Amino acid sequence: QVPPDPTRRERFRRAATLTWTLAITDWKLKFYGSFLGYAWTLVKPFAFFGVLYFVFTEIAGLDAHVPHYGVYILFAMVMFNFFGDVTGQCLNALPMRENLLRKMQFPPIVIPLSIAVTGLLNLGMTLIAVVIFALFNGVYPEWSWFAYPVVILLLTTFSVGLGMFLSALFVRFRDIQPIWDVLSQILFYASAVLYVYTTIPAQYQQWFLVNPLAALNTSMRHVVIDPNAPSMFEAMPGGLWLIPLGIVLGSLALGLWVFLRESPRVAERL
């Protein structure tokens, strides 16, 4: 007797289970055999932060004009590292898991989703250290902190959407990787990571915040670090804040559409 086809609920549950299994396995393997374990994840952002903090505070003196400037750039760097890790790993995830795709029957979308979950696990652990640093620097929890998970949710949505789009394109066009390496570097300097948006000329500020990463960093500053700083809604009045929000949701829709369209032929093209 032929077993009945699994229901949509059963397929969703299997995909969710596989996503979590792949994510937690990758997270554990990353630190397997390492003496310092998870501490290595903190080395990169904190070491880079130390250099930048010295340059921009002791030499450039930007901290004199931005309250808790060091806390801001550390939060912004950690958020951008999450974005860069998710998009970068999604880009070549399908070729790296070619054997898994050929040997098992499962929805390929599980792969980018598991990368996002692994990134969130790393981000959560890193934010613990960042919050401790913030407390030592006089930034204390406020009710507005409850809005920060919304910022992370939008950042994750944008990262996964772009990641799926890049992943599907990379199977066809291998030039996508060096192109994205250049674009991600440009995004780093155009996303208000090392500075706040109010330091750029007023006539460019609203258009600058069209970049979702810059808008999310501005929101992070308002809800976590300095409630007196302009929120994204104040910085982009008249509904202009809908533009970066639309880009975030549009990237998810486009990435999902392209990925689902290309994924049935991924194994053949690999």
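Which residues does Ser 167 touch, not counting residues up to four places away in sequence? Ser 167 touches Cys 90, Leu 91, Leu 94 and Phe 259, where contact means heavy atoms within 4.5 Å. Ser 167 lies in helix α7 and, at 1% relative accessibility, counts as buried. Buried stands for under 20% relative accessible area, exposed for over 50% and partly exposed for values in between, with a 1.4 Å probe and protein chains only.

The model is predicted: local features need pLDDT of at least 70 and side-chain atom pairs count only at pLDDT 80 or more, while totals for chains, interfaces and linings use all residues. Residues are numbered from 1 along each chain as its sequence is written, and side-chain values use heavy atoms, with hydrogens and water left out.

The protein chain has 13 helices and zero strands. Helices (H or I, at least four residues) and strands (E, at least two) are DSSP runs, numbered from the N terminus. Of the 270 residues of the protein chain, 44% count as buried. Among contacts in the protein chain with a separation of 6 or more, 76% come from residues 24 or more positions apart. The accessible surface of the protein chain is about 14800 Å², and carbon and sulfur atoms hold 67% of this area. Accessible areas come from the Shrake-Rupley method with a 1.4 Å probe; for residues, only the protein chains shown count as cover.

Helix α7 covers residues 148-172 and contains Thr 157. Thr 157 has 15% relative accessibility and therefore counts as buried. Leaving aside neighbours within four places in sequence, Thr 157 is in contact with Val 248, Ser 251 and Leu 252. Tyr 148 also belongs to helix α7. Tyr 148 is buried, with a relative accessible area of 10%. Not counting residues up to four places away in sequence, Tyr 148 touches Phe 75, Met 79, Leu 127, Met 220, Val 223 and Val 224. Between Tyr 148 and Val 223 there are 75 residues in sequence and 6.5 Å in space, C-alpha to C-alpha.

Empty space inside the model was examined next. Rolling a probe the size of a water molecule over the atoms shows where empty space is left. On a 1 Å grid over the protein atoms alone, a cavity is a set of points where a 1.4 Å probe fits but cannot get out, and lining residues have an atom within 4 Å of a point. Grid points are joined across faces, edges and corners, and a volume is the space filled by probe spheres set on the points. Two cavities of 30 Å³ or more are counted by this rule.

The largest cavity holds about 60 Å³ of space. Its lining consists of Leu 154, Pro 212, Ala 215, Leu 216, Met 232, Pro 244, Leu 245 and Val 248. Helices α10 (212-225) and α12 (242-262) are the elements that give two or more residues to this lining. By class, the lining has eight nonpolar, no polar and no charged residues. Ala, Val, Leu, Ile, Met, Phe, Trp, Tyr, Cys and Pro count as nonpolar, Asp, Glu, Lys and Arg as charged, and the others, Gly among them, as polar.

The second largest cavity holds about 40 Å³ of space. Ala 76, Met 79, Phe 80, Leu 155, Ser 191, Leu 213, Leu 216 and Asn 217 line the second largest cavity. The elements giving two or more residues to this lining are α3 (69-91) and α10. The lining of the second largest cavity divides into six nonpolar, two polar and no charged residues.

Key: 1 Å grid on protein atoms, 1.4 Å probe; cavity = no way out; pocket = protein on both sides within 12 Å on 5 of 7 lines; lining within 4 Å.
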